[in-house]
Amino acid sequence: TIRKFHTITVCSHAAGGVCLVAEMAEELVSDLREIAHDPEPVAEKAEDLVTEVKRITPEPEPIKMIFPHEKAEALIDAGISPEQVTALVRWSDGFKSFGITKTDGKLRVLSILFDLKIKPEKHAIKPLPDELNDFTTISELSVLSEPKQKSKHALQDWESTKFQDETLRKVFTDFVSPLEESMSMEVLKMKGDKELRYQLVKVLVASYDCFNPVYGALWENVKMTDGKGIDRYMGMRQRFRDSIHASEVAGHTPQQGSEDLIDLYLSYASTVVIFDEKMKEIASKTGATWVLAPAKQVFRILEKKLLRRGAKGVMKVCDAGR
């Protein structure tokens with residue numbers, strides 16, 4: 001009986017009589033579940049419901065054409081929720097516009113959409129833990145905000161000339177010097193803060209707990225959607241690793257030819273054209289779109305220079321071009 005009245009509700013949705021019939025059906029279903037000893041009130045409500053359905057659907061044939069009553073019953077019998085069957089009827093035009101004609105395909109889409117709707121209720125997005133919210137990275141320090149922005153804009157201006165303009169180079173240098181000085185002072189403060197090392201351990205643990213499952217899930221999703229591509233990638237990655245290891249054994253460690261920041265950008269300028277052309281060639285052969293990223297921001301380079309153990313200036317900042 002519950003199944004039949006759910007089906008009536010579904011077909012009534014298709015006819016446009018949504019609210020009243022749905023409310024009456026829910027009320028009836030509730031009564032059917034709770035009142036087993038006295039069927040008369042339930043029977044009266046059932047009759048009222050049938051009368052209301054007939055009143056708002058004077059022409060039953062169009063409903064059968066949209067979605068046959070028997071088909072709705074069969075889907076509900078098969079375990080499809082009444083809400084999904086309702087959506088199947090109401091979104092029929094939308095499915096057609098996307099070229100989805102088979103019922104199995106429609107139900108698959110609905111399952112995904114309903115899952116997305118349910119998940120936030122069951123697994124609400126949790127706020128970041130206090131260990132992360134209370135921690136301030138060097139890039140978030142307000143004292144560095146202004147010199148950081150000025151050096152960023154100066155770099156963009158210099159890069160717009162492919163690092164050829166000497167005047168813009170000097171402007172950039174003038175902005176970078178006070179930024180590096182301020183950052184060095186903040187790093188010294190951090191090194192003198194004994195409590196910071198304990199806070200950092202908590203941050204590392206909290207970061208791992210928050211982000212590792214996300215990265216893991218993304219990787220699994222990529223493997224599911226393009227398993228063959230991943231297999232090719234893994235094979236190529238291993239060959240690259242073997243090649244790098246052989247180079248390091250031979251004493252060829254990748255590093256810049258100078259410890260100076262300006263030299264780093266000039267070196268980038270001399271190689272980026274070759275890099276750009278090679279990547280365009282790869283993109284054309286694979287059907288991808290290639291867009292050259294800007295040079296690495298000066299603040300990030302200085303972070304590596306000042307915070308990495310044994311950094312030796314910018315010698316180990318190997319990815320100024322990306």
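Hi everyone, let's start at Asp134, which sits in the loop between helices α9 (130-133) and α10; helices here are DSSP runs of H or I with at least four residues, numbered from the N terminus. This is a predicted model, so local features need pLDDT of at least 70 and side-chain atom pairs count only at pLDDT 80 or more, while totals for chains, interfaces and linings use all residues. Residues are numbered from 1 along each chain as its sequence is written, and side-chain values use heavy atoms, with hydrogens and water left out.

Back to Asp134: its relative accessible area is 55%, so the residue is exposed. On our scale, buried means under 20% relative accessible area, exposed over 50%, and partly exposed in between, with a 1.4 Å probe and protein chains only. Asp134 and Gln199 are 65 residues apart along the chain, and their C-alpha atoms are separated by 9.7 Å.

Now to the inside. Which residues touch the most other members of the largest nonpolar core? They are Phe163, Phe172, Met183, Leu261, Tyr265 and Val298, out of 28 residues. Helices α10 (145-159), α11 (166-192), α14 and α15 each supply at least two residues of this core, and α14 gives the most, with seven. A core here is a set of buried Ala, Val, Leu, Ile, Met, Phe, Trp, Tyr and Cys residues joined through side-chain atoms within 4.5 Å.

Phe163, Phe172 and Tyr265 belong to one aromatic cluster with Trp158 and Tyr268. Rings of Phe, Tyr and Trp (its six-membered ring) pair if their centres lie within 6.5 Å; planes under 30 degrees apart count as stacked, over 60 as edge-to-face and the rest as tilted. By this rule there are eight aromatic pairs. Phe275 and Trp290 make an edge-to-face one, with 5.8 Å centre to centre and 85° between the planes. Phe275 lies in α14 (residues 261-286) and Trp290 in the loop between α14 and α15 (298-307), so this pair ties together parts that are 15 residues apart in sequence. Phe275 counts as partly exposed at 30% relative accessibility, and Trp290 counts as partly exposed at 23%.

One more ring: the charged end of Lys148 sits over Phe299, 4.7 Å from the ring centre. That label requires NZ of Lys or CZ of Arg within 6 Å of the ring centre and within 35 degrees of the ring normal.

Last, Tyr215: it is in helix α12 (residues 194-225) and counts as exposed, at 58% relative accessibility. Thanks, everyone!
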